[in-house]
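Subject: A structure to look through, with notes

Dear colleague,

Please open it first and keep it beside you while you read the notes below it.

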Amino acid sequence: MRLALAAATGATGRLVLSQALGAGHEVTALVRSPHKLPPGVPFARTDFAAPDADALAKALDGADAVVSALGATGKHDAGVAATGTAALLGAMRATGVRRLVVLSAAPIGTVPTAVRPDKSRTDPGDGLLLRLVTPIVKRALAEHYADLARMEGLVVDSGLDWTVVRPPRLTDVPAEGAWRTVEGAQPRNGWTLGRADLAAAMLAAATEPGASGKVLGVAY
């Protein structure tokens, strides 16, 4: 499969890249800092905070799927998930690429937006302790989560063959090779997920036609 990978040098994106190459996929990395890529990886220099629509469309031309690990890493790039994903969607429409997998976060199902103001206040998979902790986390990461919620809305309304992957707190533990997946909610009391297993879950979604049009909660 020919993949275009957004944010391929980030904490999760670099693992998606490594696993995709290891599985024999052809990958074009869409990155702001190509010097951080492993030698020999094809790339398109892309600043998703201020994307170049024509350059992005050229980079996506011929891809079978787009995988995006976009997300703000600090206040300096707040809003990059929605801005960058809007540009990706435009480039996909321009080039006829339909398959898209994006990285979100577990609490986003309960973060309202202007387009979807009436979301449930709790996730069905949250146990009592998570229902106590999650509001605190949402307040601390309000700007980041608002960006991801806007991004999700754009993806869901895009008309493309999308999948949204929502993990809980991410860790850098070795891959277990197994995780729980629930459609439209979080796995019951799913507190954490290793980034390596998240990368595997995203790649699995990209190659699984049955994942199209679904929001997938993933966790240990």
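The notes below go through helices, then loops.

Please bear in mind that this is a predicted model, in which local features need pLDDT of at least 70 and side-chain atom pairs count only at pLDDT 80 or more, while totals for chains, interfaces and linings use all residues. Residues are numbered from 1 along each chain as its sequence is written, and side-chain values use heavy atoms, with hydrogens and water left out.

The names H and S stand for helices (DSSP runs of H or I, at least four residues) and strands (DSSP runs of E, at least two), numbered from the N terminus. Helix H1 covers residues 13–22 and helix H6 covers residues 195–206, and their axes come within 9 Å and cross at roughly 60°; here an axis is a line fitted to C-alpha atoms, for helices over the stretch in contact, and angles run from 0 to 180 degrees between N-to-C directions. That angle makes H1 oblique to H6, given that angles under 35 degrees count as roughly parallel, over 145 as roughly antiparallel, 65 to 115 as roughly perpendicular and the rest as oblique. The crossing of H1 with H6 is right-handed, a term used if the near helix is turned clockwise from the far one by less than a right angle, with anticlockwise giving left-handed.

On the H1 side, the residues in contact (heavy atoms within 4.5 Å) are Leu15, Val16, Gln19 and Ala20, and they meet Arg195, Ala196, Ala199, Ala200, Met202 and Leu203 of H6. Sorted by class, this contact of H1 with H6 has 8 nonpolar, 1 polar and 1 charged residues, where Ala, Val, Leu, Ile, Met, Phe, Trp, Tyr, Cys and Pro count as nonpolar, Asp, Glu, Lys and Arg as charged, and the others, Gly among them, as polar.

Which residues of H1 are buried? They are Gly13, Val16, Leu17 and Ala20, where buried means under 20% relative accessible area, exposed over 50%, and partly exposed in between, with a 1.4 Å probe and protein chains only. Seen down the axis of H1, these buried residues fall within an arc of 100°, so they line one face of the helix; the arc is that of the directions from the helix axis to the C-beta atoms. An α-helix has 3.6 residues a turn, so residues three or four places apart point the same way. The buried residues of H1 pack against S1, S2, S4 and H6, and just after H1 comes Gly24, which takes a positive phi of about 90°.

Helix H2 (residues 53–60) has Leu56, Ala57, Ala59 and Leu60 as its buried residues. Down the axis of H2 they fall within an arc of 160°, so they line one face of the helix, whereas the face turned away from that buried side carries the exposed residues Asp54 and Lys58. The cover over the buried residues of H2 includes strands S1 (2–6), S2 (26–31), S3 (43–45) and S4 (65–68), as well as helix H3 (80–95).

H3 also packs with helix H5 (residues 142–156), at an angle of about 20° and with their axes 7 Å apart, which makes H3 roughly parallel to H5.

Residues in the loops

In the loop between S1 and H1 you will find Thr12, which is buried, with a relative accessible area of 5%. Not counting residues up to four places away in sequence, Thr12 touches Leu103, Leu170, Arg195, Leu198, Ala199 and Met202.

Ile108 lies in the loop between strand S5 (99–103) and helix H4 (128–140), and at 0% relative accessibility it counts as buried. Ile108 and Glu152 are 44 residues apart in sequence, and their C-alpha atoms are 8.4 Å apart in space.

Most residues other than glycine have a negative phi. Ala7, however, has a positive phi near 65°, and Asn189 has a positive phi of about 55°. Ala7 is in the loop between S1 and H1, while Asn189 is in the loop between strands S8 (180–183) and S9 (192–194) and, at 39% relative accessibility, counts as partly exposed.
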